[in-house]
Amino acid sequence: MIVFKDRREFIGILICVISAVIFGLYPPASRGAYQDGANITFVILVTTFCRFAGLYALAFMKKKKIFQDFHEYKTSLYAGIFQALSIIGILGGAFFMPGAVVIIIMFSYSLMLLFFSAWRKEMKLNIANITSTLTALLGLGMVLNIGSYGFSYPLIGIALAFMAAVATFARTYIFGQQSKKARHPLVTGTETFAVASFLLLLLLFWELPEIPQSSFGGLMTATAALSLTLGSFGMFYGISYLGSYKFSMIMKLEPIFTTLFGIVLIGDVLAIPQYAGIVLVLASLISLQLFDRQKTR
């Protein structure tokens, strides 16, 4: 039986699991948009703006004002910069090497969060959290079948993927720190994506957007945008409930749901080791919940 410390933790985990399911729709939907003629610039700008618009609309409805606290301007600026770098690193790295390899490198940000939080004395290292983090990464490698792609990749692709990992670690940690200051998740999210949306307009100097060629591509783009927008709500609320490290661990379910949606939407076929990887990731998350019962500060 899985034990929860309190009702707040249960709600946070539930939010994160639902967010992982929703985020899992984004990659296969994006692939559908790309196959129909859309390019990376179009998908990035549309989905990022939709995330900002969705967060801002809900914040407005709840009468949460953004950019009202002068002391938080710098923090929101940093968070937005790291959010933009994370997006560029993931999609840029995938241009030079398989996306599965990029995802594995990017998800190493959980290890960064774990050791950095321990260094900051916000949590303690133990066998449970170290083993669970490493096991989850191994399981993801099996799910994404990275061995089938070989092990020779261009340096620029590896550098971009590690940039994504560092940027994701930094912005996730910042989100966690902002939640400790009782900042509303919608305020944090809206300010972050306002900055990120502005910075990503610089992509227009790299290439102009190319729209999908049919209604199918438009539907896939809309699905990707909806997935990321709804998932963003869960991301900011999930971090406010659980903290940055535990959030990062549960979000390792995202590639699993992406893989499963790939079977449904575009007919992908899984091998037995990939199913074993799914079991390994689930086991690592359950063991973390059972054996690492410390409260994070």
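Tyr-78 sits in helix α4, which covers residues 73–96; helices here are DSSP runs of H or I with at least four residues, strands are E runs of at least two, and both are numbered from the N terminus. Tyr-78 counts as partly exposed because its relative accessibility is 42%, where buried means under 20% relative accessible area, exposed over 50%, and partly exposed in between (1.4 Å probe, protein chains only). Together with Leu-77, Ile-81 and Leu-85, Tyr-78 forms a nonpolar surface patch with about 310 Å² of accessible area. Such patches take residues with over 30% relative accessible area and no salt bridge, joining nonpolar side chains (Val, Leu, Ile, Met, Phe, Trp, Tyr) within 5 Å and like charges within 9 Å. A salt bridge is a side-chain nitrogen of Lys or Arg within 4 Å of a carboxyl oxygen of Asp or Glu, and accessible areas come from the Shrake-Rupley method with a 1.4 Å probe, with only the protein chains shown counting as cover for residues.

A word on the model before going on. This is a predicted model, in which local features need pLDDT of at least 70 and side-chain atom pairs count only at pLDDT 80 or more, while totals for chains, interfaces and linings use all residues. Residues are numbered from 1 along each chain as its sequence is written, and side-chain values use heavy atoms, leaving out hydrogens and water.

Stepping back, the protein chain has 13 helices and 0 strands. Of its 297 residues, 51% are buried. Among contacts (heavy atoms within 4.5 Å) with a separation of 6 or more, 89% join residues 24 or more positions apart.

Now for the inside. The largest nonpolar core holds 63 residues, and Tyr-109, Leu-200, Met-235, Phe-247 and Leu-253 have the most contacts inside it; a nonpolar core is a set of buried Ala, Val, Leu, Ile, Met, Phe, Trp, Tyr and Cys residues joined through side-chain atoms within 4.5 Å. Helix α10, residues 215–242, gives the most to this core, with 8 residues. Beyond four places in sequence, Phe-247 touches residues including Cys-16, Tyr-109 and Met-235.

Finally, have a look at Ser-19 in helix α1, residues 7–23. Ser-19 counts as buried because its relative accessibility is 3%. Its contacts beyond four places in sequence are Gly-231, Gly-234, Met-235 and Met-251. Ser-19 and Gly-231 lie 212 residues apart in sequence, yet their C-alpha atoms are 4.8 Å apart in space. The side chain of Ser-19 also reaches the backbone oxygen of Ile-15 at 2.8 Å.

Key
Polar contact = N/O pair within 3.5 Å; in protein donor to acceptor, adjacent residues only side chain to side chain.
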